[in-house]
Amino acid sequence: VYGRPTFSGRIGPRVSLPDYLDYQDQSSSFASMAAIAGGGFLATITGNDEPVQARRSTSTSNLFATLGVTPHLGRFSTLAELPESGVGEVVIAYEFWQRWYGGSREALGSSLIVNGDPLTVVGVLPEGFHFYYDTDLWVPPWPGSSEPINRRYHNWRVVARLAPGVALEEAQSEIDVISAQLAEAYPDSNRNKGMHLDPLHAALAEGYSQSLLMLSGAIALVLFIACGNVASLLLARGSARTSEMAMRTALGASGSRLARQLGVECLVLSLVAGCTGIVLAVWLQKLILGFLPLDRLGIHEGGLSVPMLAIAMLLTLGTVVLIGVFPARQATRTHPAEDLKRGSHRTTSGRGFRFRSGLVIFQVALSVVLLVGSGLLIRSLVKLQSLDPGFRVENLLTATVALPEKEYEEPEQQIRFFESLEERIRALAGVESVAMIDRLPILQTAGNVAIWDPENPPESLREAFSADRRIVLPGFFETMEVPVLEGRALQPIDDAGSRKVIVLNQNIAGRLFGDESAVGRLVEVDLAFLEWDEPAVFEVVGVVENYTLSSLGDAPRSAMFFPFAQQPRGRMRLAVATAIEPEGLIRPIQECIWELDRNIVLSSPQSMEDVVADSVANSRSVTTVLSLFTVVALALAALGLHGVLSFFVAQRVHEIGIRAALGASRTSLLRLVVSRGMVLVGIGVAIGTIGAIGTARLIEGLLFEISAGDPATVAGAAGFFFVVALAACMLPAWQALRVDPMEALRAD
């Protein structure tokens, strides 16, 4: 099961470490309970010619046992935490084992220098293992992290295995009791806080459930439309074989014999179609993850399974056979004498034609539903992509620089390194300016802590405002083109020896001080975990405009900015404004870093344009897939309409010939065919529009600044389908105009 904290009923993703330890110690419903903090952080491995980057995650030592994972080689770590000195232990991913050690068993017991620390490889995870993060190295918690320091900071994900015979509801009841006890013991941090248990698979797939449900619905609609086409074609084929069925009946074939014959033909058709579809699915499966990345679930390859293919084949057989029942019954209802006399000129019965017309209406309605859904998503995506994030995006290179902890323990060392690096990068050709911050917008989110006005303190920290904490070097706002609305930006004078200052964004300044000026006011920030020697009180020297901190389209978040020299750290993110292509500066910046330290790597370089584009990748993928399904649905619906009208013309050649012989104009003949088709389309569009307005509410969570019943989108979808339908009607109408009256009358 997966445990998530609740705050007054609102579910969050992570719990605090002290709460996790209490739940683990006081519960009896679980065979084991483990936790993972962060994940996928870049670590530097040294010891070869050049340092390399690897992804590192921190977890408690019982994580793999809780997940039921058996090592491919060796064992899992037994350390409660990494030692402060000496050799620690690390478990490596199978893929990293292949890359770094070439799959050699000699990896066990070898030493990896990770961020300057020697770690002994004790185990290799099985191939394909993935839990929440793409990780190369799994290490125990860092020194001191097992101490219950603060219950207000939630950084750990909790996973547990139920004890034998214990139901999820029983475990939840026990967790609720423990939560109530914690709320009573620690009211300042745990009031109205609990933990909610979910099945692990359901929790991991939660972020994808709406998208996958929507795409599954789209697949079902396309399947129904295709089934309508197949049923219509089978009915037309049965009508064309009237003479054959009549002859067989006259020679003694029973209705059941004819039905079996047609059923076998449907079965063969479905087998051929199903096998063709499976071949295409295997061939195109790699495109699936390109459209809808499922990295968090650990799905990196399509991997169609045998049960999945079997279900697809059975579904194909079932649908084709099922939709062939009505056409088969129609074809076996013969009147031998009359049908042989009419030959190939037998017209479809009124019931048969109504059935085919109903199929067209059904196809049109479903197509309109898909068309409205894809139209809403396309308009939403366009609005999202055109949104101004509030900072510079063009020609901006982003990257991460992490200092080895052992070599850069002292704040002065960290300050000296990053200030020297900034000078070197600024001197490079093509560089306009340099910004450094501990968390770049969109890429690194969260980090929020409590902040309040000392003149109006909250009754408890739970009731205080919170804001995302950011550490910046001077020049950040200028490089990112974030306007300073009041006061000034952080400057080089804001060093370790000067007064403690802070810059607020517009959001938190308004929440703290309303319409009053924030500049010159004092604020207090909950930075107790830093063990400051003096109260965490800061003077506000400036207010900047809000900019996007997490995802495009999110409501503006509160943020506060501190000078790097007053709160230094060993990991900073770069934002380099360039006059050239950003990628051209990656190697020169790496050379600047190596001038200072050969063991440090420039990590995750990418342009800010790519960062912003990747932030809407999921929306873009879902929209693309749904649009593709919609194109297929439109093509199938148009094909079905064309087929019905072509059959209509073929069955009324004699009538059309008589009309032409009596002087009917080409316009009237054209109107005869087109009006027949457009009536069906009009009914289908009306039904589909009503259905689309209702079903579009299911995707409201995927829309941005557009309502599910947006009139312009609905009207545009209906109008677009009328254009497509009119085009589909023109070929049968042209066939009607080419009917020769003499040939039609002579044939009859």
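**Exercise 1. The chain as a whole**

What share of the contacts in the protein chain with a separation of 6 or more comes from residues 24 or more positions apart? Give the element counts and the buried fraction too.

*Solution.* The model is predicted. Start with the contacts: residues 24 or more positions apart account for 80% of those with a separation of 6 or more. Next, count elements: the chain has 24 helices and 22 strands. Last, burial: 48% of the 748 residues are buried.

**Exercise 2. The buried side of H19**

Which residues of helix H19 (residues 608-615) are buried? Find how they are arranged and what they pack against.

*Solution.* Step one: list the buried positions. They are Met608, Val611 and Val612. Step two: look down the axis. These residues span an arc of only 95°, which places them on the same side of H19. The spacing fits a general rule. An α-helix has 3.6 residues a turn, so residues three or four places apart point the same way. Step three: find the partners. The buried residues of H19 pack against strand S12 (396-402), helix H16 (476-480) and strand S22 (602-607).

**Exercise 3. The buried face of H3**

Name the buried residues of helix H3 (residues 94-101) and decide how they are placed around the axis.

*Solution.* Tyr94, Phe96, Trp97 and Tyr101 are the buried residues of H3. Down the axis of H3, they fall within an arc of 155°, so they line one face of the helix. Then step past the end of H3: Gly102 follows, and its phi is positive, near 65°.

**Exercise 4. H15 against H18**

At roughly what angle do the axes of helix H15 (residues 411-426) and helix H18 (residues 586-596) cross? Classify the pair and describe the contact.

*Solution.* Two numbers are needed. Two packed helices are described by the angle between their axes and the distance between the axes. Here the axes of H15 and H18 come within 10 Å and cross at roughly 140°. Roughly antiparallel would need an angle over 145 degrees. H15 and H18 are therefore oblique to each other. Their crossing is right-handed. Now the residues: H15 brings Phe417, Ser420, Leu421, Arg424 and Ile425, which meet Ile589, Cys592, Ile593, Glu595 and Leu596 of H18. The contact of H15 with H18 divides into seven nonpolar, one polar and two charged residues.

**Exercise 5. H1 against H4**

Repeat the analysis for helix H1 (residues 17-26) and helix H4 (residues 168-185).

*Solution.* The axes of H1 and H4 are 10 Å apart, and the packing angle is about 125°. That makes H1 oblique to H4. The crossing of H1 and H4 is right-handed. H1 contributes Asp19, Asp22, Tyr23 and Gln26, while H4 contributes Glu174, Ile175, Ile178, Ser179, Gln181 and Leu182. By class, the residues of this contact are four nonpolar, three polar and three charged.

How values were computed:
Residues are numbered from 1 along each chain as its sequence is written. This is a predicted model: local features need pLDDT of at least 70, side-chain atom pairs count only at pLDDT 80 or more; totals for chains, interfaces and linings use all residues. Side-chain values use heavy atoms; hydrogens and water are left out. Buried means under 20% relative accessible area, exposed over 50%, partly exposed in between (1.4 Å probe, protein chains only). Helices (H or I, at least four residues) and strands (E, at least two) are DSSP runs, numbered from the N terminus. The arc is that of the directions from the helix axis to the C-beta atoms. Contact means heavy atoms within 4.5 Å. Axes are lines fitted to C-alpha atoms, for helices over the stretch in contact, and angles run from 0 to 180 degrees between N-to-C directions. Angles under 35 degrees count as roughly parallel, over 145 as roughly antiparallel, 65 to 115 as roughly perpendicular and the rest as oblique. A crossing is left-handed if the near helix is turned anticlockwise from the far one by less than a right angle, and right-handed if clockwise. Ala, Val, Leu, Ile, Met, Phe, Trp, Tyr, Cys and Pro count as nonpolar, Asp, Glu, Lys and Arg as charged, and the others, Gly among them, as polar.
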